[in-house]
Amino acid sequence: MAFFSFLIPCFVIGTDIAFSCQTTHDFVDASSPGDIVIGGLFAVHRKMLRPEEYPFKPAIQNCAGFEIQIFLQTLAMIHAIEMINNSTLLSGVTLGYEIYDTCAEVTKAMASALRFLSKFNSSEDVVEFKCNYSDYTSRIKAVVGASYSEVSMAVSRLLALQLIPQVSPVSSAEILSDKIRFPSFFRTIPSDFHQTRAMAHLIHKSGWNWIGIIATDDDNGRFALESFGVQAMANNVCIAFKELLPAYLSDNTFHTKVDHAIEKIVKETRVNVIVVFMRQFHVLKLFKKAIERDVNKIWIASDNWSAAVKISTLPNIRKLGTIVGFGFKSGDISTFQDFLRNLLEKPTDNNKFLHEYIMLLSVCAHLEYHDFQTCISNQSQDDLLQNVENKHQIWKDGFLNANIEPGFIHSTILAVYAVAHAIKRQCKDRNCKDPSAFAPWELLEELKKVTVVDDDKEIMFEPNGDMKTSYDVLLWKEIDGHMEITTMAEYDPEKYDFIFEDEEKKKEFLDLKKVQSTCSQHCRPGQMKKITESPHTCCYECVYCPENHYSNQTDMDYCYRCNNKTYWAPVNSTTCYRKTIHFLTWTDWFAIFLLLLSAFGVLLVLSISVIFTKNLNTPVVKASGGLTVCYVILFSHFLIFLSTVFFIDEPTEFKCKTRQALFGISFALCISCILIKSLKILLAFSFDPKLQNFLKCVYKPVPTVVTCTGIQVIICTFWLIFSTPFVKQNFSMPRAIILECSEGSIVAFGTMLGYIAALAFICFIFAFKGRKLPENYNEAKFITFGMLIYFIAWIVFIPVYVTTFGKYLPAVEIIVVLISNYGILCCTFLPKCYIIIYKQETNTKSAFLKMIYTYSSKSAGSVAVSQVSLDSKSSSSQATNSDSCKSEKNSVNGNCHFQVPGQRLIKGKALPKNTARSEPRKRHSSI
């Protein structure tokens, strides 16, 4: 009811109108009778003159600033109506029109709208107030217009009172899509939502993110600014500054604010892209100032002026830089161009616009093209009446065709045809010769269902009243010294993308990217943005992506982390790289070296086996425990050398389990056999009766070897069952994955090694006690030395193993295995091989007996020194011993061993009398 209260008085257009508007008929600028009348609202003049004297009177004033482009839109409406009347579209029903000039003023447009609302065929132009306008017959059935969104908003609110359909070919403000506030508004163009989204998309795709905006301070400008701001934010585009210019040229502050806007553009040196949402005459004033200041930027033009010929023909327009705009998609307007060529033949009585244009031609004909255009735009209606008195009527061929903006012309014709198709649907079963045959609100319902064929495509209004047509992306190019407006691409609102006709057009688009318009330099791939203290997200510093992070696009807000442990990235990386798998390979030089050492060890074992086999019955071999024991020891050495193979190449579950178990059991077997040899040596040459008795009890070769080795087998078996070794990926290195064997249980691993060390220690003690036995046949001191090598190797191994990582960790184990194995092998067998090969004269039975005799003599002499006197019963003891020799035999070789004071017999031969009593009572022929 608030809106109704605005119209409660009866609005009557008075007859006492100042200047040229003396009657209501004078208020109509172009008209033609018809069965059904359509209204038109166009801003043919850009401003309305203000009266100078006070007080102001509520009268319609004259206008100034003839706009050729909008004048052409009125002609397009007239041309479309004439074509419809000359066709069979409406089957004998003719369309008439009443076109009014809004002068780009809401107040004047409202006055025109009131006339549209006035009752049809009334004696007075009166708008009747009614609570229900269902049966009300208004002067017109539909309205085409207005030229500007702000005017359309005001007019649409009035027309909605009677639900009179309004179809605008130009007004693009997004708010007009709101059917609650503007239920009867339609348009044959997309809304600014699509235009601002296309602009933001173009700016983003060109790599710009720091821009300025200039708009008019009216509803259209503010709505466009708001819509673009949302789209810019969605495309990561920041607005450096916003400048609003007065919507009306009559505003006294207009020129001051233009100067301020130019100053802002010049000052912001990093802003090289300016988006302009303004009317053509605003842009004209702005560009004239910009040319004076040599401002060179990229200008993004809205649909209002993107195809404005009068702006493109400005002198030195090329100095402004590059102009890219969005214009409404145009169609075939060849028939309209023919209409313009025959325009001179049209009567001017019912078309004040045409009459004024002809007068303007007469006044400005002597001027050059651009001055001629300026002259037309600057003449007021009052000045024109004074200047045209003595002028001859002329016609300037081609001027109107040269000023056509195809998108506006096409959308205007489309609007008229949309209304005509709605009328056709309404007149199917009605006599539309009668103006009261249907009401405007009935036509509104038909208009929602209309389908228009345009360029072989069917288009219709969407539920919000918009026609979703595409945009032409226009590029202003200098061709042959003149600025031409060319189509660079097509923007499809549905696909949200640009469509290029050919590669040349695409290259033109790509050339735009060469211009930089950013608050900060673009962050290259491999970098990320670090926001500074600026409130704008587009102002930042570029920092390198840290290690194991990457960025693969320009201006990324953050770096991606390499997705798992199998990838890595260096600092400033654009991608992640797969980590290389590291392990000790067969081809690694160090592995080859260790394998050669193992192979040499195997050959050494085989060589020793051959040597011992060939010299089976020699004293040296027999003194080594016999061939069986030697073969077992050599076989264990062979297995130890073989176990090193399992430490090389890619680890597997089988290798991890086998290598430690094989090494541990083999080494335990080897040490067990050497332990038996140590016991045997000590047993043969020990002179201590107590030790002899202990060694006799302990010395059980086969059970001892089986027991000692079996314990290690049990340890390894439990280890493999309950905490088996497995393959592990070691991620400790930043760029590599080390495949290694995890021991499963450090306790089990330590127990295995500790057990071997315990056996070796016992062996070392026994061997140490027999280290002074006969030289050529004495293994004890070599076993002692071998055990020392073993202990040193493994003592050094522990800290090295703990502190080493990487693929050479298995090599550390191989080295210590080889050192300890070589040490024991060489100390055990090489001295004997040396005797067998190079000291053959000592490897005989006689040499062996002589060595024993010499050793016994020395030992007996050392004991005799400590004796005080001989036992008086030595003679009888000797006799007793001689008798007992017959019955007491050595269990090893059957030799008779007996001891008498001062004498010792070996195999029935008497030893010197000074032989000590403490000499061994038993000897084994194998020693």
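This is a predicted model: local features need pLDDT of at least 70, side-chain atom pairs count only at pLDDT 80 or more; totals for chains, interfaces and linings use all residues.
1. Lys514 has a partner: it makes a salt bridge with Asp511, with 3.5 Å between the closest N and O atoms. Asp511 has a relative accessible area of 30%, so it goes down as partly exposed.

2. The structure has 31 of them. One of these joins the side chains of Glu82 and Lys346, at 3.2 Å from N to O. Glu82 sits in helix 3 (residues 68-85) and Lys346 in the loop between helix 11 (334-341) and helix 12 (352-364), so this pair ties together parts 264 residues apart in sequence. Both ends are partly exposed: Glu82 has 26% relative accessibility, and Lys346 has a relative accessible area of 29%.

3. Buried or exposed: what about Arg659? At 4% relative accessibility, Arg659 counts as buried, and Glu743, also at 4%, counts as buried. Their side chains meet in a salt bridge, 3.9 Å from N to O. This pair links distant parts of the chain, with Arg659 in helix 22 (residues 653-685) and Glu743 in the loop between strand 29 (736-742) and helix 25 (746-769), 84 residues apart.

4. Now for a patch of like charge. Glu501, Asp502, Glu503 and Glu504 form a negative surface patch. Of these, Glu503 lies in helix 18, which covers residues 503-511. Glu503 counts as exposed because its relative accessibility is 61%.

5. On to the rings. How many aromatic pairs does a search of the whole structure find? The count is 40. Among them is the pair of Trp794 and Phe797, which is edge-to-face, with 5.0 Å centre to centre and 70 degrees between the planes. Both residues lie in helix 26 (residues 780-803), three residues apart, or about one turn of the helix. Trp794 and Phe797 are both buried.

6. That pair belongs to a wider group. Ring pairs link Trp794 and Phe797 into a cluster with Phe663, Phe667, Phe761, Phe764, Tyr790 and Phe791.

Note on methods: Residues are numbered from 1 along each chain as its sequence is written. Side-chain values use heavy atoms; hydrogens and water are left out. Patches are made of residues with over 30% relative accessible area and no salt bridge: like charges are joined within 9 Å, nonpolar side chains (Val, Leu, Ile, Met, Phe, Trp, Tyr) within 5 Å. Accessible areas come from the Shrake-Rupley method with a 1.4 Å probe; for residues, only the protein chains shown count as cover. A salt bridge is a side-chain nitrogen of Lys or Arg within 4 Å of a carboxyl oxygen of Asp or Glu. Lys and Arg count as positive and Asp and Glu as negative; His and the chain ends are not counted. The place of a charge is taken as NZ of Lys, CZ of Arg, CG of Asp or CD of Glu. Helices (H or I, at least four residues) and strands (E, at least two) are DSSP runs, numbered from the N terminus. Buried means under 20% relative accessible area, exposed over 50%, partly exposed in between (1.4 Å probe, protein chains only). Rings of Phe, Tyr and Trp (its six-membered ring) pair if their centres lie within 6.5 Å; planes under 30 degrees apart count as stacked, over 60 as edge-to-face and the rest as tilted.
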